[in-house]
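Thanks for coming. I have one model to show today, and I will keep to what was computed from its atoms.

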Amino acid sequence: MADSFAEVNSKLDKALSCIREMEEFKQKQEYLENKELEDSLSFAHTSKEGLQKKLATQEIAINEQV
């Protein structure tokens, strides 16, 4: 009887360990997804600023020619 309880206990410990690992994996995945979104937003913002500067330069050049 004690052996079967020990076996059940061992299996439960393994199951709990797997659940903890899955939760840690999920947290890491969420962090990476958030980091990727943050990087993408930063890239888009930098690109937008660059385009705005080019547009301003072109507007000045056009106004000087007119």
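First, the ground rules. This is a predicted model, so to speak of local features we require pLDDT of at least 70, side-chain atom pairs count only at pLDDT 80 or more, and totals for chains, interfaces and linings use all residues. Residues are numbered from 1 along each chain as its sequence is written, and side-chain values use heavy atoms, with hydrogens and water left out.

Now the overall form. The protein chain has 1 helix and 0 strands; these are DSSP runs, H or I of at least four residues for helices and E of at least two for strands, numbered from the N terminus. With a radius of gyration of 29 Å, well over the 11 Å from the globule rule for 66 residues, the chain is more spread out than a compact globule. That radius is taken over C-alpha atoms, and the rule is 2.2 Å times the number of residues to the power 0.38. Along the principal axes, the C-alpha atoms fill a box of roughly 95 × 10 × 5 Å.

How much of the chain is buried? Of the 66 residues, 0%, where buried means under 20% relative accessible area, exposed over 50%, and partly exposed in between, with a 1.4 Å probe and protein chains only. The chain exposes about 6,600 Å², and carbon and sulfur atoms supply 59% of that. Areas come from the Shrake-Rupley method with a 1.4 Å probe; for residues, only the protein chains shown count as cover.

Next, the charges. A search of the whole structure finds 2 salt bridges, each defined as a side-chain nitrogen of Lys or Arg within 4 Å of a carboxyl oxygen of Asp or Glu. Glu-7 pairs with Lys-11, closest N and O atoms 3.4 Å apart. The two are 4 residues apart in helix α1, so about one helical turn separates them. Glu-7 is partly exposed at 47%, while Lys-11 is exposed at 53%.

The other bridge joins Asp-39 to Lys-35, at 3.3 Å between the closest N and O atoms. Both lie in helix α1, again 4 residues apart, about one turn. Asp-39 is partly exposed at 41%, and so is Lys-35 at 33%.

Last, the patch. Leu-16, Ile-19 and Met-22 form a nonpolar surface patch with about 300 Å² of accessible area together. Ile-19 sits in helix α1, residues 2-65, and counts as partly exposed at 41% relative accessibility. Patches are made of residues with over 30% relative accessible area and no salt bridge, like charges being joined within 9 Å and nonpolar side chains (Val, Leu, Ile, Met, Phe, Trp, Tyr) within 5 Å.
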